[in-house]
Amino acid sequence: MIYSKERPWIKDRFFSEWGLMSLFLLAWGLYTFYPFKFSEGGISADGVTYAHISKNILLDGSPGWQGTWAAPFFSVLMAAVYPLVGNFVVAGMLVSKVMTALLPLAVYLLAKEVFNPRIGLFAAVLTAVHPHFTFISGMVEPEATYTTLQVFALWAMWRAFKSSGQRSVVSDQLVQNS
């Protein structure tokens, strides 16, 4: 048992800096060293569309006609990473890996707020080792990005609900749906 009455600092440190950093590194390691099963067959048609949107954003600042088909935020992130790696497929995979590695942190924060830190850690570890997330972490798809952002948004709305009541949650919903 890592927590005892003689060493309460272990519990505090584990559920704060060390635990969250370990969780992020566990997820990053799993998603980095997990083989790219999808890359054997190349990039998907949807991934090509996101790469085209990124290319259009870099060329003239607009998503182009492809932007009418897909939400461009993932492509904006790909365009931001492209100058660092020089390849749209690698940029998309890197964005997916980082966002998927942040997902356990988002799940931890949400579950900790709704339940308690132990359940938050359990949910985050399950998220980090879940086969679906290890698979999508290497794909040029926005699923990991939008899932992570949605969980962070749920966490923020839950905190707003707890701190200032229902009116804040209703206003958050109106902002998100507009």
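Q: What share of the 178 residues of the protein chain count as buried?
A: This is a predicted model, in which local features need pLDDT of at least 70, side-chain atom pairs count only at pLDDT 80 or more, and totals for chains, interfaces and linings use all residues. Residues are numbered from 1 along each chain as its sequence is written, and side-chain values use heavy atoms, leaving out hydrogens and water. Buried means under 20% relative accessible area, exposed over 50%, and partly exposed in between (1.4 Å probe, protein chains only). Of the 178 residues, the buried share is 37%.

Q: Which pattern does the protein chain follow along the sequence?
A: Helices (H or I, at least four residues) and strands (E, at least two) are DSSP runs numbered from the N terminus. The chain has eight helices and zero strands. Read along the sequence, the pattern is therefore α-α-α-α-α-α-α-α.

Q: Is threonine 145 buried or exposed, and why?
A: Threonine 145 sits in helix α7 (residues 143-164). Contact means heavy atoms within 4.5 Å, and beyond residues up to four places away in sequence, threonine 145 touches Phe73, Phe74, Leu77, Val95 and Met99. Because its relative accessible area is 0%, threonine 145 is buried.

Q: Which side chain has a polar atom 3.0 Å from the backbone nitrogen of glycine 47?
A: Look at the loop between α1 (8-33) and α2 (45-60), where serine 44 lies. Serine 44 counts as buried because its relative accessibility is 17%. The polar atom 3.0 Å from the glycine 47 nitrogen belongs to the side chain of serine 44.

Q: What is the relative accessible area of glutamate 113?
A: Arginine 159, in helix α7, lies 46 residues from glutamate 113 in helix α4. Arginine 159 counts as partly exposed because its relative accessibility is 41%. Glutamate 113, by contrast, is buried, because its relative accessible area is 16%.

Q: Which helix gives the most to the nonpolar patch?
A: Patches are made of residues with over 30% relative accessible area and no salt bridge, with like charges joined within 9 Å and nonpolar side chains (Val, Leu, Ile, Met, Phe, Trp, Tyr) within 5 Å. This surface patch of about 430 Å² is made by Leu26, Phe122, Val125, Leu126 and Val129. Leucine 126 is partly exposed because its relative accessible area is 44%. Giving four residues, the helix that contributes the most is α5.

Key: Accessible areas come from the Shrake-Rupley method with a 1.4 Å probe; for residues, only the protein chains shown count as cover. A salt bridge is a side-chain nitrogen of Lys or Arg within 4 Å of a carboxyl oxygen of Asp or Glu. A polar contact is a pair of N or O atoms within 3.5 Å; within protein, one must be able to donate a hydrogen and the other to accept it, and residues adjacent in sequence count only if both atoms are side-chain atoms.
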